[in-house]
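Please look at the sequence and the structure shown here. The text after them goes from the whole chain to one pair of packed elements.

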Amino acid sequence: MPDSSDEQIWRHLAEYGDMPTASLFSRAFYQLMAEYATHSANTEASRELLAKFLNREVRYHRQVSRFTDAEAVPLEDLQSVAGKRIIALHDLIEQAKAALSQTAAGEITRQLLLAECYYHIEEPDKAVAHLEMALKDGADDPLIYFVLGYNRYRLAVQSFATITATAERPHYDVSFQRACLQAVAAFEDALTGEDSDRQVYQWIGHVLETAGFDEAASHAFEKAEGFLPVESDSAALGFPVPEANDHPSSRRELSSAAPITDAEIERVRELLKRPHQISELWPEDEAGADSTENL
């Protein structure tokens, strides 16, 4: 007799946790999705989708683990495995779009799953849209806010990279700054008062610094130092410690830009007090329309 969807989910999740190439944060995030998926009021469709996603991720990481043990791996083999994963993710996206749920837990599961798939295929705009829908549907967990902040920041860099990287005289683009504030607002909602806040404050500081708000960034970094490291900073939430040079324009290049004034810093503080919606930045964004059409 085949396992039920619930049994498959927990079995695949346990297998995923044993994968040496699986990130700590993904394990925690998938655990959260599993809790929503196996909720007593949930529907079978979203459970089956998550079980299928976890099964495919386990198979992918199992293959990657084999490569890490090999002395030499042909480039074609790596490309083949990565390509098959992308195809599988696109297939799952199409299935999830059609699998509307009648329960809050089911819809949250579906939205988080769509967000995760879009994250892996490098479409942060759609990942952000589905994370916001999950929150709108009633999801409320620090992990979701952290993922939202991270994807909003990726979206900001992706959307405005050419502005800062190709400008004749590097400058802080106002739209890029505003998009970074969107990310910071989500990161702030991920704060819990626990030692894991060290990593969150590091990301807040990094995003503010990248956007040119140096004073506000310094305050965030100081707050980060007030918390004990969790195991190691690089593993606390599964994401690497943010690097100052991961933005298309380096800090050295940006140093020639006009300094941020005290009045602008105060404006940042006021902006961070109010909620931000991604639709304010991209009101006619295709991702938002796509998300609405499929809900």
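A residue counts as buried under 20% relative accessible area, as exposed over 50%, and as partly exposed in between, with a 1.4 Å probe and protein chains only. Of the 295 residues of the protein, 50% are buried. This is a predicted model, in which local features need pLDDT of at least 70 and side-chain atom pairs pLDDT 80 or more, while totals for chains, interfaces and linings use all residues. Residues are numbered from 1 along each chain as its sequence is written, and side-chain values use heavy atoms, leaving out hydrogens and water.

The protein has 14 helices and zero strands, taken as DSSP runs numbered from the N terminus (helices: H or I, at least four residues; strands: E, at least two). With contact meaning heavy atoms within 4.5 Å, residues 24 or more positions apart account for 73% of the contacts with a separation of 6 or more.

Two packed helices are described by the angle between their axes and the distance between the axes. Helix 2 (residues 24–37) packs on helix 5 (residues 104–120) at an angle of about 150°, and their axes are 8 Å apart; axes are lines fitted to C-alpha atoms over the stretch in contact, and angles run from 0 to 180 degrees between N-to-C directions. Helix 2 is therefore roughly antiparallel to helix 5, a term for angles over 145 degrees.

Helix 2 contributes Ser 26, Phe 29, Tyr 30, Met 33, Tyr 36 and Ala 37 to the contact, and helix 5 contributes Ala 105, Ile 108, Thr 109, Leu 112, Leu 113, Glu 116 and His 120.

Note on methods
Angles under 35 degrees count as roughly parallel, over 145 as roughly antiparallel, 65 to 115 as roughly perpendicular and the rest as oblique.
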